[in-house]
Structure formats: structure tokens, C-alpha cells
Amino acid sequence: MEDINKRFRQLREECGKTQEEWASIIGIARAGISLIESGQRNVTEKHIKLLCAQHIDGKFVNGEYLRTGEGSMFRELPEEEETASIVSDLLEEGKNNPFYEIILEIMNTYQELSPKSQEVLRNASAKLLENLQKKKED
């Protein structure tokens with residue numbers, strides 16, 4: 001078995017995913033995962049890109065590690081990218097995401113407010129953030 005296939009399996013196991021869950025992440029059949037892990041099929045660049053394009057339980061795959069074995073298994077992200085990823089997850093519609101409906105209702109309610117009320121809400125939010133920042137610095 002090629003080293004990349006071994007790393008592919010190690011990565012799946014490190015993420016605590018079954019072959020079926022892993023297959024769902026990269027959009028192939030579970031049998032395809034089995035073939036890759038047994039060395040009967042190659043890991044493609046498409047597989048690597050799909051694994052690197054999203055976070056898996058808050059972890060971002062390092063494509064270079066998968067290709068060459070160099071570096072760590074997961075990438076460190078700047079805080080802004082990590083925050084953007086979390087926000088993206090919160091905005092993903094689905095049964096397993098209770099935040100989606102809450103966020104959607106907040107947005108709808110905000111849009112129903114008058115421009116003056118929206119301004120008051122924005123100012124109150126800015127003041128809240130300012131106070132939180134002060135507490136963090138203390």
C-alpha cells in the first residue's frame with residue numbers, strides 16, 4: 001500500500017470517522033474508501049481538495065501532509081478564518097443545526113425594525129462589545 005493511502009486512513013481514524021462517514025465527506029461510495037485504504041485505488045487530487053476545502057469537526061486537513069507526509073496532519077488557521085468557518089456552520093440549514101432558525105429569526109426581526117431602531121440596536125451592540133473588550137483587558 002502506498003504511503004498516501006496509509007496517511008489517508010490514519011487521517012480518517014484520527015478524525016474518528018467511519019469509512020461511510022469519510023465517503024460522505026468526499027462524495028464517494030464507502031466501497032471506494034475501502035479500496036483506497038487497501039491500496040487497490042489511489043487517492044486523487046480531487047479527494048485531497050475535498051478534504052481540505054472544509055473543516056472536519058473543527059479541524060482543517062493539511063493537504064501537503066496527505067500528499068507527502070510532511071508537516072502536521074492539520075493546518076492551523078488564522079483566527080479570522082476559523083471564525084468565518086464557525087459562522088458558516090452556524091448558517092448552514094439543517095435538522096442538526098438549531099442555530100440556523102435562531103439566526104434566521106434574528107435577521108428577520110432586525111429587518112422589520114425601523115431604521116432608527118436598527119441604529120439603536122447597532123449602537124447598543126457596539127457598546128456591549130466595547131465593554132467586553134475592556135473586561136478582557138483587565
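Tutor: A residue is called buried under 20% relative accessible area, exposed over 50% and partly exposed in between (1.4 Å probe, protein chains only). The model is predicted, so that local features need pLDDT of at least 70 and side-chain atom pairs count only at pLDDT 80 or more, while totals for chains, interfaces and linings use all residues. Residues are numbered from 1 along each chain as its sequence is written, and side-chain values use heavy atoms, leaving out hydrogens and water.

Student: Is I102 buried, partly exposed or exposed?

Tutor: I102 is found in helix α7, residues 98-112, where helices (H or I, at least four residues) and strands (E, at least two) are DSSP runs numbered from the N terminus. Because its relative accessible area is 48%, I102 is partly exposed.

Student: Which residues of α4 are exposed on the other side of the helix?

Tutor: In helix α4, residues 45-52, the buried residues are H47, I48, L51 and C52. Seen down the axis of α4, these fall within an arc of 125 degrees, and they therefore line one face of the helix; the arc is that of the directions from the helix axis to the C-beta atoms. On the other side of α4, the exposed residues are K46 and K49.

Student: What is the radius of gyration of the protein chain?

Tutor: The protein chain has eight helices and two strands. It is more spread out than a compact globule, because the globule rule gives 14 Å for 138 residues and the radius of gyration is well over that, at 21 Å. This radius is taken over C-alpha atoms, the rule being 2.2 Å times the number of residues to the power 0.38. The C-alpha trace spans about 65 × 35 × 20 Å along its principal axes, and the radius of gyration is 21 Å.
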